[in-house]
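Morning, everyone. Let me put the structure up, and then I'll walk you through it.

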Amino acid sequence: MNDPRSAPPPRPSIPGTPATSRPAISGDAPVGGGESFVRRAGRNLIFSVYGALRAVKLYPVENAAVGKALTELTSQSNELIASEQEFELRISGEFIFVNETRLRLDLDNFASFSHLLSLLRASGIGTVTITGTVTNKDWMVFLSVLQSASSDDPTDRFAQMQDKLQKAGVLVFSLGPPTDQGEDSREKTKERAKRTYAQSVSVTKDLMTSVRMGGSPNIKKIKRVIQGIVDQILNEETSLIGLTTIRDYDEYTFTHSVNVCIFAVALGKRLGLSKLQLYDLGLAALFHDIGKSRVPQEVLNKTGGLTDEEWRMIASHPWLGVLSLFQVRGVQEIPYRAMVVAHEHHMKHDLTGYPRPIRSRQMSMFSKIVAIADGFDAATSRRAYQTVPYTPAQVMAEMRDNPRRGMDPVIVKAFINLTGIYPVGTLVILDTFELGIVHAVNPLQDMLSRPIVRIISDAQGNLLHPGDLADLADRDASGNFSRTIIKTETAERYGIRIGDYFV
Amino acid sequence: MTSPPPSAPVPTQEPDHPEPPFSPAPVEELLRLMVKASRAHQLYLPNNPIYRGAVDALRAGFATVWAETDELTLVVAETEMKWCDVSVLGDGTKSSDNLAWLFYKDGVRELRLEEGLEESEMVKLLEIIQRARKASPDEDDLVTMLWEADLPHLKYRYVDLLGDGGADELADGGDSTTPAEPGQVRESAQAAAEESRASGVVNMADFDATLYFLDEREIAYLQEEVRREYVQDLRTNVVSVLLDIFEQQSEPETRNEVLENINTLMVFLLTAGNFRGVAQLLREARAAVERGTDVTEEQRLRLDALADRLSAPEALSQLLQALDDTPQLPPHEELAELFDQLRATALSTVFLWLTRIQNDKLRPLLQLAAGRLAAANTAELVRLVQAAEREVSNEAIRRAGALKAQAAVTALAKIMSEPDASRRQLVAQALTEIASPGALQVLERAIEDADREVRITSVRALTGRAYRPMLARLEAIVKGKSVRDADLTEKMAFFEGYGALCGDSGVPQLDAILNGKGFLGRREDAEIRACAAIALGRVGTAKSLEALRKASTEKDVVVRNAVSRALRGSSGPAS
């Protein structure tokens with residue numbers, strides 16, 4: 001018999017379906033217990049932990065700043081325990097949960113969240129439970145141990161930390177390992193990402209074809225696709241971002257729109273946009289090139305140089321997009337935001353680029369995000385008139401270093417923060433002479449140049465499939481990094497199709 | 001919230017529940033109460049006691065269930081809901097009244113309600129149920145509604161009925177490539193490594209991850225950008241885009257499409273109460289016509305017609321009605337901007353509504369708009385003087401006067417022959433304000449109008465302007481019998497007018513009235529003599545003063561007072 005009252009269920013909610021559920025992350029309700037209280041108190045607690053970590057690191061123990069920070073932290077944690085009768089901090093992916101309530105990650109707090117996540121991950125900690133009343137001294141010991149420098153493997157550090165806490169007589173913290181997804185669950189996540197991606201490409205194809213034929217596409221299907229992408233990005237973005245490396249030459253227009261949508265939503269998430277804002281952004285991103293459905297295909301697919309007239313046709317797609325979007329009307333609302341983004345996505349930060357606006361305007365933030373996602377995906381793809389794509393790292397460096405590209409530098413910075421200096425799909429040569437494909441950005445914030453890579457050839461040049469994953473932040477026994485990127489490379493040189501390693 | 005969409009419908013996984021952990025009765029009761037509350041939500045306002053009772057009962061129903069468990073998983077079948085394989089809701093019908101069918105038809109196959117749902121989310125859920133019941137096939141389905149609502153204590157599983165299951169398998173569709181031989185790979189890798197070392201250039205930005213941490217200033221910038229994204233007026237932004245396209249693209253098809261879309265947008269802007277947006281659209285449309293290259297006459301007319309559409313009686317009446325009804329008027333400047341864009345054709349509607357409007361805050365704005373429109377469109381104003389609607393015509397008469405519209409005199413004169421004295425009086429006042437020679441001529445005739453008010457207004461107006469052509473007419477009146485039957489005010493107006501214009505030539509006549517004796521030595525009545533005294537005072541010559549002095553010992557108090565006043569006030573001939 002399945003007794004619902006017995007043992008609290010792990011959050012992955014419905015049997016047989018990986019958890020895509022998330023407690024609400026917005027709209028703090030008045031204080032007074034319940035989830036909103038936990039959310040607020042938890043968020044404040046993270047701020048205090050961050051403040052105390054800095055104080056403990058910067059000042060001697062006797063310093064008043066340390067005392068003050070610890071007192072505040074102690075008071076907040078005890079208050080939370082008194083109110084909720086329990087305190088469990090759990091990390092999962094990029095999220096922090098307090099008593100099973102996910103804390104809202106936004107621009108105000110992402111630095112503190114990110115720092116704490118990095119420290120806990122580096123120490124192999126998945127959960128921290130406080131089992132009684134905590135004192136300043138308990139916190140001081142815990143935080144000192146947590147951020148003490150070490151080159152050990154997280155698993156070892158986890159054991160060491162438990163040992164150190166025990167020896168110091170700090171028994172109020174109970175540490176648990178990461179509640180990581182099992183291989184089975186990871187596979188399911190990957191499968192779901194693939195379904196989402198394939199469905200998105202299919203719906204985008206229908207959309208563009210329908211507009212080309214002068215019809216009215218099914219907005220409900222489009223909405224569902226965006227919802228799927230947003231859900232996927234909010235829960236586990238790596239799989240979906242990995243799929244953007246599939247550069248289908250024949251379906252470029254469609255896969256490109258989907259890729260831009262994925263990058264934009266992922267970047268929006270990084271910038272702290274709410275779920276519904278991500279939906280707006282995703283919709284606008286998916287539609288950004290809809291104007292191309294009115295450009296003759298022979299012009300879009302022309303491989304040689306373009307005549308002035310042909311170039312004029314290509315350059316008209318932003319404003320043609322606006323007109324096309326009047327065709328894509330659900331019964332409720334004209335997609336105004338998508339129109340603005342379609343119109344502006346080739347404008348530069350200073351409103352140069354094309355089309356040149358006549359009336360004064362300020363470029364929409366969503367347009368700036370889509371411009372970056374668009375530029376990145378387009379430059380790294382093989383297209384009719386770009387037979388040799390740039391490497392992701394080259395494109396990233398160009399966006400970062402060349403102001404004439406006209407990208408918003410702050411959003412570019414955030415994009416690099418999202419993708420890492422070596423974006424997913426980059427082929428890299430390691431100092432071991434192995435070849436690797438960047439699989440995911442390193443979860444450790446200060447390891448952006450040391451991503452997780454899939455080793456696809458050994459030092460002797462034997463290509464491996466699928467190859468093993470390696471964390472470039474891993475160190476050997478003497479504390480040196482085991483592998484380091486020395487160069488990025490084009491996949492064509494090795495006859496490698498990057499997408500094969502993500503499907 | 002849970003939303004794991006499979007690519008194609010899949011059979012629902014039945015939870016493995018050999019037997020329920022507690023009696024199904026509280027669950028059945030909970031769902032019965034939910035059905036009841038959703039009906040109450042449909043029928044009553046939130047402050048209705050029946051509605052409140054239903055919601056409270058539903059909360060109590062949740063409390064009973066939460067006493068047994070902290071979550072409830074319901075399997076949604078076509079016409080029933082099951083809990084632990086026990087049917088707990090369903091009447092077997094496929095109607096939106098059946099909650100099971102309502103969820104099922106949009107693809108929801110499982111619901112998990114968690115403790116806490118009954119707090120703030122329950123009412124939202126009832127709203128969603130209500131919206132889903134009423135939704136047309138083109139509107140969002142229940143799954144989208146649940147997704148957008150993002151209720152933390154409600155999880156659901158669904159099959160994607162919108163998915164066609166036709167998504168292609170993922171594959172890299174690029175050219176087939178032949179993997180390099182191991183030796184080649186090794187050599188290439190080593191060569192690349194050598195190249196990299198040889199270049200010797202290291203970009204620190206590639207290695208220093210901290211360069212990519214956003215600082216506080218950058219975070220503040222992004223926050224401001226997000227805020228700006230959501231406060232911008234998207235509709236007017238799109239209007240600007242469309243008009244940019246209109247100006248820059250001269251192909252007729254493109255311009256026609258833009259014009260159609262602008263037409264559509266204007267209606268949406270009006271519907272949304274975005275009056276500033278409408279004003280901007282109309283203003284910028286004019287600019288687009290002026291600046292656009294190769295704008296054809298037809299295109300110009302179509303853009304021009306936008307303001308005409310808004311100014312048409314039907315559209316403008318609706319707008320004014322809506323504004324009059326709204327408890328919260330849009331900002332004054334916004335309305336003023338909109339009214340500034342109205343055309344001459346709006347004038348009659350504006351005049352009409354000036355008499356109807358109830359909203360005291362709206363009236364002054366409309367008054368201003370009426371003034372501006374009338375001033376800019378005299379021909380229309382003149383036309384409206386003779387409008388069939390009395391309110392419109394009257395307002396046009398008033399405005400014509402206020403604007404001193406000489407062009408309106410002929411139209412106004414025609415009204416002087418109408419039987420309605422109040423209208424003639426309105427015209428007399430307007431003509432007084434216009435005071436052109438033509439207007440004064442009409443007023444001259446009006447001093448013999450059948451209506452006392454019209455006569456008084458006219459004679460005073462003419463007196464005020466020292467209109468000598470009326471002297472003969474006045475003299476006849478002063479000598480005549482009718483004025484003697486008039487009341488004191490009217491008598492006074494005529495005599496004052498006569499005194500102001502007649503000069504010494506009128507003194508004998510006035511002297512005779514004041515001091516003369518008639519048949520059997522009878523004098524005129526005291527009021528007429530007093531009026532004559534006042535008139536002599538207005539003449540103000542030595543001769544008239546002499547006539548006044550003769551009456552200074554007059555016994556009749558009324559006459560004596562008038563004489564004294566005339567003597568005191570007379571300081572010379574009236575100009």
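I'll take the ground rules, then chain A, then chain B.

This is a predicted model: local features need pLDDT of at least 70, side-chain atom pairs count only at pLDDT 80 or more, and totals for chains, interfaces and linings use all residues. Residues are numbered from 1 along each chain as its sequence is written, while chains are lettered from A and ligands numbered from 1 in the order in which they are written.

Chain A, overall. It has 17 helices and 10 strands. Those are DSSP runs, numbered from the N terminus: H or I over at least four residues for helices, E over at least two for strands. Of its 503 residues, 50% count as buried, meaning 20 or more other C-beta atoms within 10 Å of the residue's own, with C-beta atoms placed from the backbone. Now contacts, which need those C-beta atoms within 7 Å. Take the contacts in chain A with a separation of 6 or more: 66% join residues 24 or more positions apart.

Next, a sheet in chain A. It is open, with five antiparallel strands in the order β9-β8-β7-β6-β10. Pairing here takes at least two DSSP bridges between two strands. Which strands stand at the edges? β9 (469-471) and β10 (485-489) of chain A; each has a single partner strand, so one side of each lacks a neighbour in the sheet.

Zoom in on β9(A). Three bridges join it to β8 (residues 452-457) of chain A, running antiparallel. Val453(A) stands opposite Ala470(A) in β9(A).

Finally, chain B. Its domains are domain 1 (25-158), domain 2 (235-309), domain 3 (377-465) and domain 4 (483-575). The bounds come from an automatic or database domain assignment. Over C-alpha atoms, the centres of domain 1 and domain 2 of chain B are 46 Å apart.

Note on methods:
A residue is buried if 20 or more other C-beta atoms lie within 10 Å of its own, exposed if 12 or fewer, and partly exposed in between; C-beta atoms are placed from the backbone. Two residues are in contact if their C-beta atoms, placed from the backbone, lie within 7 Å.
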